[in-house]
Amino acid sequence: MIAERVQRIQPSFTLEMTARAADLRNNGVDVIDLGVGEPDFNTPENIRQAAIRAMADGHTKYTPGRGTLELREAICKKLERDNNLDYTPDQIIVSNGAKHSLSTLCQAVLNPGDEVIVFAPYWVSFPEFIRLADGEPVIVKTITEDNFSPDWNDLESKVTPKISAIIINSPSNPTGAVWGKETVTKLLKLAAKHDWLVISDECYERLVYDAPFTSTEALNEVGANVVTIQSLSKTYAMTGWRIGYAAGDAAIVSAMAKIQGQATSCPNSIAQKAAVEALTGDQTEVETMRNIFAERRDAMIHRLKTVPNFSCTKPGGAFYAFPNVSHYIGLTAHGKIIDSSFAFSDYILDCAKMVTIAGSGFGLEGYIRLSYATDEAIFLEGINKLEKALSDLN
Ligand SMILES: Cc1ncc(COP(=O)(O)O)c(C=O)c1O
């Protein structure tokens, strides 16, 4: 009695690794988890207080399906303040996290057989949203040694009339790469020429370390059809509150609202009130968290440079490093060959008791993802253990 569409998708790879770490911990093993995909800070106090007030004041009922007008207005102000974008509330939909906005968007715009360009390495859920909406992901390579920027030749070779959309994810999960304005502008031009919808996943937009972030839509001089996806999860350490949103063409947003209204009625009313405070209240803690992430990034990259035969480009954003570990693929550990990045991650979990996420889960062999959303002393201890485990490979 299980539907065919379930066979089409993969379980969440990153959540599976986290579950394996939890199993080990339950068995008393002291595990260092560099697989984490969420900030290790608590949600700032003013936001938590706003939720308490919301409950006390009775904001505990269904809200409009696409989110309260109050929150959608706050999002418009935020988009203007931080991203220099001009939207009206009818162009905004609030969902149960950006993940929900993205999957609803795919349901709203894809017809069976439509193809969507996804750059590898990609966030694990992109291909699955597309497949769930009866579309086909078309995986395009990136130039790993050039900040994981698009491989234009590969992209050109994959253009067909079936392509209807393209996903841009900068800063990227898993690489942390932030694409430059020229790259995004070139993609916008291509999208406008071929009439592709541009889905710009900007969940990590406030976690950039080297230059101010520019939203894709802010570069859209060619008039491409862009849907901007942002989230409160990473910026405000609010992953469990489940608030994200999409901003774009009013007709697309209305189509999404029609689906969302039937699927979930509305996002959580209390979390919406807290989100208004997050977006319009004091932003000092966002900057404090960003500065801590920036310091950790520098510490992690500095340390990874000294790990023999690892190479790692400096990520401009998010909270991940994505080192190339391909030197170790093909080596042997205790008579067992490490034949993939998955086997490599598995070996590190066994020997160093540290969780890393294999690049193959993100569509790129020979790499692993290490998160620095954890204390610096902890990840440095983990990398020491990893280095020791590597010395046993031959
Ligand atoms: C690239 C990317 N997009 C979207 C999301 C989803 O975020 P949310 O918690 O808002 O659903 C994540 C979460 O890990 C992510 O890494």
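A: Happy to. Helix H9 covers residues 250–264, which is 15 residues, and reaches 20 Å from its first C-alpha to its last, close to the 21 Å expected at 1.5 Å a residue. That expected span is 1.5 Å times one less than the number of residues. Helices (H or I, at least four residues) and strands (E, at least two) are DSSP runs, numbered from the N terminus.

Q: Before we go on, what kind of model is this, and which pLDDT limits apply?
A: This is a predicted model: local features need pLDDT of at least 70, side-chain atom pairs count only at pLDDT 80 or more, and totals for chains, interfaces and linings use all residues. Residues are numbered from 1 along each chain as its sequence is written.

Q: Thanks. Which residues of H9 are buried?
A: Val-253, Met-256, Ala-257 and Gln-260. Buried here means that 20 or more other C-beta atoms lie within 10 Å of the residue's own, exposed means 12 or fewer, and partly exposed is in between; C-beta atoms are placed from the backbone.

Q: Why do they end up on the same side of H9?
A: Those four buried residues of H9 cover an arc of only 110° around the axis, which puts them on the same side. The arc is that of the directions from the helix axis to the C-beta atoms. As a general point, an α-helix has 3.6 residues a turn, so residues three or four places apart point the same way.

Q: What's exposed on the other side of H9, and what do its buried residues pack against?
A: Ala-251 and Gln-262 are exposed on the other side. The buried residues of H9 pack against strand E2 (92–95), helix H5 (98–109) and strand E10 (244–247), where a contact means C-beta atoms, placed from the backbone, within 7 Å.

Q: And what comes just after H9?
A: Ser-265, with a positive phi of about 70°.

Q: Let's switch to H4. Which of its residues are buried?
A: They are Leu-71, Arg-72, Ala-74, Ile-75, Lys-78, Leu-79 and Asn-83. Their arc around the axis is only 155°, which puts them on the same side of H4. Lys-77, Glu-80 and Arg-81 are exposed on the other side.

Q: What does that buried set of H4 pack against?
A: E2, E10 and helix H10 (269–280). H4 itself spans residues 69–83, and Asn-84, which follows H4, has a positive phi near 60°.

Q: Where else is phi positive in a residue other than glycine?
A: Asn-147 has a phi near 60°, and so does Asp-195. Asn-147 sits in the loop between strand E5 (142–143) and strand E6 (149–150), while Asp-195 is in the loop between H8 and strand E8 (197–201).

Q: Are those two buried or exposed?
A: Asn-147 counts as buried, with 20 C-beta neighbours inside 10 Å. Asp-195 is exposed, with 11 other C-beta atoms within 10 Å.

Q: Where are the cis peptide bonds you can tell me about?
A: One runs from Ser-170 to Pro-171, with omega near -5°, and another joins Asn-173 and Pro-174, with omega about 25°. Pro-171 lies in the loop between strand E7 (163–169) and H8, and Pro-174 is also found in the loop between E7 and H8. For context, most peptide bonds are trans, and most residues other than glycine have a negative phi.

Q: What about Gly-37, where is it and what does it touch?
A: Gly-37 is in the loop between strand E1 (32–33) and helix H3 (45–56). Not counting residues up to four places away in sequence, Gly-37 touches Thr-14 and Ser-371. Gly-37 is buried, with 22 other C-beta atoms within 10 Å. The C-alpha atoms of Gly-37 and Asn-173 are separated by 9.0 Å, although these residues are 136 residues apart along the chain.

Q: Which residues come nearest the ligand?
A: Of the 13 residues around the ligand, Gly-97, Ala-98, Lys-99, Ser-231 and Ser-233 come nearest; a residue is near if its C-beta atom, placed from the backbone, lies within 6 Å.

Q: Last one: how many helices and strands in the chain, and what percentage of residues is buried?
A: The chain has 13 helices and 16 strands, and buried residues make up 49% of its 394 residues.

Definitions and conventions:
Two residues are in contact if their C-beta atoms, placed from the backbone, lie within 7 Å.
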